[in-house]
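Dear colleague,

Please find the structure below for your review. My notes on what was found in it follow.

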Amino acid sequence: MGVIIHEALQHQKTTAETLRQQQDTEVPHEPIESDAQVQILTEEAAELLQSIPTDLAAAGPVAFAKHLVEAATLNHDQRAPVALIANDMQMAWEKQGKPKLMDPVGRILRMLLLGGGGCGKSRIVNLVLSALFLIFWGPRGCVKAAPSNKAARGILGKTLHIAAKLGGGSLNIMNLRPQTAAKRALEYLWTPCGAFIIDEAPQGAAALYHAVALRSCYGRVAAHEVELSDYAEPSQSFGAMPIVVECGDELQLPPVPASAGVFAEQSQAATEHLAGVEIFKQKDYVYRLSTMKRFTDATQISILTKMRRSGGCKLTKQEWKALRDTDISAASATEQRRRLEGTELWYQAAPTWATVSMAQVIRSRLSAVKAAATLFIVPAKDYVLNRPVNARLTDAYLAEVISSVPNMNNTGRLPSIGLFHLGMVIRLTNTVEAPEAVTDSTGEIVGIDLDPDEPSAATEHTSAIEGIRILHRLPTITVKLHGVRTNFLPPMPCTLHAATGACRDCTSCDFRAGCIAVEPQLARRSFPVEVQDPGGNCAYTIQVQRRQLPMTIKTASTIHTLQGVTTDPGLIFHWKFPRFFSEELRWLATYVALSRPPSLAQLISVGLPDELRNIIEAGPPEGILSRFNDMFEEKEKATHIRAAEVMRELGWDATD
Ligand SMILES: [Zn+2]
């Protein structure tokens, strides 16, 4: 077993390294055209594109976009921003003499596409805009990116860091001039690009946004007529990129720290931050999607709509009662059991790490029972780097104190107790192999390889509880990642092909698409733990370095991780906010919690406070709202008037 997994890991490392060479540096070999398209189009989008007559592009962007919005079954609201984009593209295309591929330089438009959960933003980006831009600017004509790994994976894009080829470098303007290798990588990525899509743009830091705007200019200055010194001017931003579409929701939890965001107060911000905000403000269109497709519950939709109303709005008695009724804290034990029946696979989330770490254990146990699988439990290996000389600080005592640090942001994002079973759906808490197995990637456990030195189960007397096995050594775990098709691991031939090796055409041979072996990681940094001397008044700060598998069950999460997730089949939410949560943060967290489950019947509340009604009825936080309105209120109104006109002119408003 040990030898096989060792070889598999070698294979995986080579495969991942090749992928990184292609995606991160993107210099040495030009990928084949069809490959490049597959990478940024979802399977569904590629199929949709196949279904469109090849000569349709000759009729121009409007005709082509019309076909796409129909094939993607977008509704009236979702078609409107596409109409604006296609219409402006059409004018540019005609001006350029109706070429097969459009000029990748010369500003056409900047759009901010806003919308809360379930508005269909990712459908518009993945099925329509990506395909439209690739057709008119070629297979490398569209770059997609987002501030976080999770959001980037959602649109098959890169992180903003990678799009700017920043490595670990600083965002200070003095350090943004690229060295030779980075410059070549920037040129490869940005020279052929005609359209840039950024998801969750308001959730990123303004200084990072600024870095991308400037570094994309560096990537285009050699090939195109671009004025590097004017990179912050509306006509020259992103290297005079024809189209930039940014998506997001201003009423989401801000990045950490909150002061880095584009809607943060700017009284003492750095140059890079201010320059980033200035470029962000340069929008021709600000379109707000009003569709709430995810929700099936009229009461919930009404509550969320009222909650977002500027200046606030009272809930009806019935609406508040519907919310109160989700709370099971005051119910009898029998009633609680009844309500929790069948919720084994629900999400469980909270604003505090103490509750989340408890939820990780509960969810893992229930998930194992539901799957009728053995639950493996393995404590982290914690190394104390500066152990005090004090006999009362025994191994067991220190282990207990260390394991009670719940905040995984402090522990190198490694859990104190690893919990696994075959079939468990997990989330990676750290990057295993960029670019496809990154922090917040999700997948299913398909293999658990115990350490060769793990004592055999038969000789173990400790695990008295049925269905649970406590491991002494950290195992290697194979995960089949969601939405990934790379063959990281060597294929497993069927019996027929055992001698000749796995065969591509055989349905029994297993190429293990998207499977990745995850080894224990040693945290890069140590974390401090306060330790009280159990027999004296002395207190110590010890430094601990942890080794553990970087994963946890997907359904237990913090409020930040919950953002952007549809909590199907349901969500159990603990409402106790930490004292340090500002009013603004309380409103944002409440909005996240109420907008994740598809209906109120799929929400169970724990400890819903009476003050929640005030938070909801007060409306969105004044600060964010007024800063947003200062930037975009007029533009948003004008955009919606213009969108209605264009929809009429193009005849797109006839159907729905
Ligand atoms: Zn076979």
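I begin with helix α15 (residues 333-340), which is hardly covered: of its eight residues, the count of buried ones is zero. A residue is taken as buried if 20 or more other C-beta atoms, placed from the backbone, lie within 10 Å of its own. Helices are DSSP runs of H or I with at least four residues, strands are runs of E with at least two, and both are numbered from the N terminus. Gly342, which follows α15, has a positive phi near 75°.

Two notes on provenance apply. Residues are numbered from 1 along each chain as its sequence is written. The model is predicted: local features need pLDDT of at least 70, side-chain atom pairs count only at pLDDT 80 or more, and totals for chains, interfaces and linings use all residues.

The protein chain as a whole has 21 helices and 22 strands. Its radius of gyration is 26 Å, close to the 26 Å that the globule rule gives for 656 residues, so the chain is as compact as a globular protein of that length. The radius is taken over C-alpha atoms, and the rule is 2.2 Å times the number of residues to the power 0.38. Of the 656 residues, 44% count as buried.

With helix α6 (residues 121-137), the angle is about 10° and the axes are 11 Å apart. Axes are lines fitted to C-alpha atoms over the stretch in contact, and angles run from 0 to 180 degrees between N-to-C directions. The two helices are therefore roughly parallel, a term for angles under 35 degrees. Gln78, Pro81, Val82 and Met89 of α5 meet Ile124, Val128 and Phe136 of α6; residues are in contact if their C-beta atoms, placed from the backbone, lie within 7 Å.

With helix α21 (residues 622-650), α5 packs at about 75°, the axes being 9 Å apart. That makes α5 roughly perpendicular to α21, the term for 65 to 115 degrees.

The largest nonpolar core has 160 residues, and Val128, Ala131 and Leu132 have the most contacts inside it. Such a core is a set of buried Ala, Val, Leu, Ile, Met, Phe, Trp, Tyr and Cys residues joined through C-beta atoms within 7 Å. α6 gives the most to this core, with 12 residues. A second, separate core of six residues includes Ile402, Val529, Val531 and Ile542.

Yours sincerely

How values were computed:
Buried ≥ 20, exposed ≤ 12 C-beta atoms within 10 Å, placed from the backbone. Parallel < 35°, antiparallel > 145°, perpendicular 65-115°, else oblique. Contact = placed C-beta atoms within 7 Å.
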